[in-house]
Amino acid sequence: KACGGVCHDCANECTRKLKPHLPLSDAFAQFYQAADFALAIERIPVAEALGRITAQDIYAVNNVPNHAVTMKDGIMVNWQLYLQKRSQGECTFAPGEFQLGNMGTPVYPPFDTNCNAEQCHFNADGSVTIDDELVERQGIEPEGSTVQKGDLLIRNGVKLTASMLSFLHYNGITDLLVIKKPRVTIIPTGGELVPVGEQPQPRQFFESDSIYVKSIAEQCGAIARVTRIAGDNSIRIRHAIERALPDSDLLVVIGGVGKGEKRFNDYSLQAIRSIGTVITHGLACGPGGAPTLIAAIGGIPILGIPGPPHAMLNMTNRVLPPTIELFYQTAYFEETTVDAILGEDFPPTGKTDWYVRVHARKINGEIIVTPLEDGGDGADNFVDATACICLREIEKPYNKGKHVQAKLVINQRRLEES
């Protein structure tokens, strides 16, 4: 369609709007500049902080230990008395000249040295004879020797692990400031979709994409909710987006993001463009990268993910975790990466990086990956796949015997058991 003036982001598909698809790194650099990824902070109990991101440096509030204590089971003696007895050729301590103590027993004067249990023996009259030579103040842990009040314990922007929580309690810290979890709202679209539990009519399908997107968002530490299905109508989709915006830090719209727009029921792109800014429409990876949409509405980041399940699966993994990590400014989503060897030739996949789910098996100590029989929307892809590899354009061809990096989608122990 002919048009004049400066090209703008209108609804017409023409050669003036055809732009090369962006690599993921470039797309996210622009995304970070165009949208608002700031989150508020909140104070929560340490006991509820597993997996949360610290919002400030955390400093020790107590010395640990808070008093000199013994490091092992044994007896506590006075060093000067010990030297006197050694100089006299005997090293037996009568009751009252020593104190029995377990590991962690507070040490008080006149005692200042701990003789380990294996370095002495008890006599029938209740005395104790030291058999080995001692070192002054041995076996005594001074106050603050493990942690001193004011020491930096955990830095700002760290994902908290179970051992970190234990260490905070070890220092007597009961609560801390963390970044609030991002609120992710997921809007499935499509007139051909029905919720699970309803009876689909001919040419209708159960809506199944949103539960995957929600699960990945929650694995990334977000609070996720799914709205009702928005039909194939740009106004309805726009209204669904507008209703969700006030209670969302991130919106994910599923489906309707193809480049055909209303000719092929791709109404989500129209709805988003009408009230926001499209940052990029199309990413240089597949499957599903060409229609994937990155946008912002009033500063709130928006992701548009293709609806076909196999494309949704791949692009959710490509764009949702790194988007949530923009809020946290730290790595969060954890995938186990292993060295693997191609067990068969992998067919060409076009002129872009292509992410392929595969079968991975451990054979003679090496991990061998082979193609799926069906990489589409069936059980082979969604249930039986055990890893994912990236067939990078610059490293093709991918023939049998080539070494690759594989990201496991199952627990590594299960892979080894197979």
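Partly exposed residues lie between buried, under 20% relative accessible area, and exposed, over 50% (1.4 Å probe, protein chains only). The model is predicted: local features need pLDDT of at least 70, side-chain atom pairs count only at pLDDT 80 or more, and totals for chains, interfaces and linings use all residues. Residues are numbered from 1 along each chain as its sequence is written, and side-chain values use heavy atoms, with hydrogens and water left out.

**View 1. Salt bridge between E335 and K407.** A salt bridge puts a side-chain nitrogen of Lys or Arg within 4 Å of a carboxyl oxygen of Asp or Glu. In the E335 and K407 pair, the N to O distance is 3.6 Å. The pair links distant parts of the chain, 72 residues apart: E335 is in the loop between α7 and β22, K407 in strand β26 (residues 403-408). Helices (H or I, at least four residues) and strands (E, at least two) are DSSP runs, numbered from the N terminus. K407 is partly exposed, at 35% relative accessible area. E335 is also partly exposed, at 31%.

**View 2. Salt bridge between E334 and K159.** The whole structure has 10 salt bridges. In the one between E334 and K159, N to O is 3.3 Å. E334 lies in the loop between α7 (309-328) and β22 (337-342), and K159 in the loop between β11 (152-154) and α3 (162-170), so the pair ties together parts 175 residues apart in sequence. E334 is exposed, with a relative accessible area of 65%. K159 is partly exposed, at 21%.

View 3. The side chains of K214 and E218 meet at 2.6 Å, N to O. K214 is partly exposed, at 26% relative accessible area. E218 is partly exposed too, at 39%.

**View 4. Packing of α4 and α7.** Two packed helices are described by the angle between their axes and the distance between the axes. Axes are lines fitted to C-alpha atoms, for helices over the stretch in contact, and angles run from 0 to 180 degrees between N-to-C directions. For α4 and α7 the angle is about 25° and the axes are 10 Å apart. The two helices are therefore roughly parallel. Angles under 35 degrees count as roughly parallel, over 145 as roughly antiparallel, 65 to 115 as roughly perpendicular and the rest as oblique. The α4 side of the contact (heavy atoms within 4.5 Å) includes Y212, V213 and I216, and the α7 side includes M312, L313 and L320. The contact residues divide into 10 nonpolar, 2 polar and 1 charged. Ala, Val, Leu, Ile, Met, Phe, Trp, Tyr, Cys and Pro count as nonpolar, Asp, Glu, Lys and Arg as charged, and the others, Gly among them, as polar.

**View 5. Packing of α1 and α7.** The axes of α1 (residues 24-34) and α7 come within 11 Å and cross at roughly 40°. That makes α1 oblique to α7. L24, F28, F31 and Y32 of α1 meet R318, V319, P322, T323 and L326 of α7. The contact has 7 nonpolar residues, 1 polar and 1 charged.

**View 6. Packing of α5 and α6.** Helix α5 (residues 234-244) packs on α6 (residues 267-275) at about 55°, with axes 8 Å apart. The pair is therefore oblique. Among the contact residues are I237 and I241 in α5, and Y267 and I272 in α6. The contact divides into 6 nonpolar, 4 polar and 2 charged residues.
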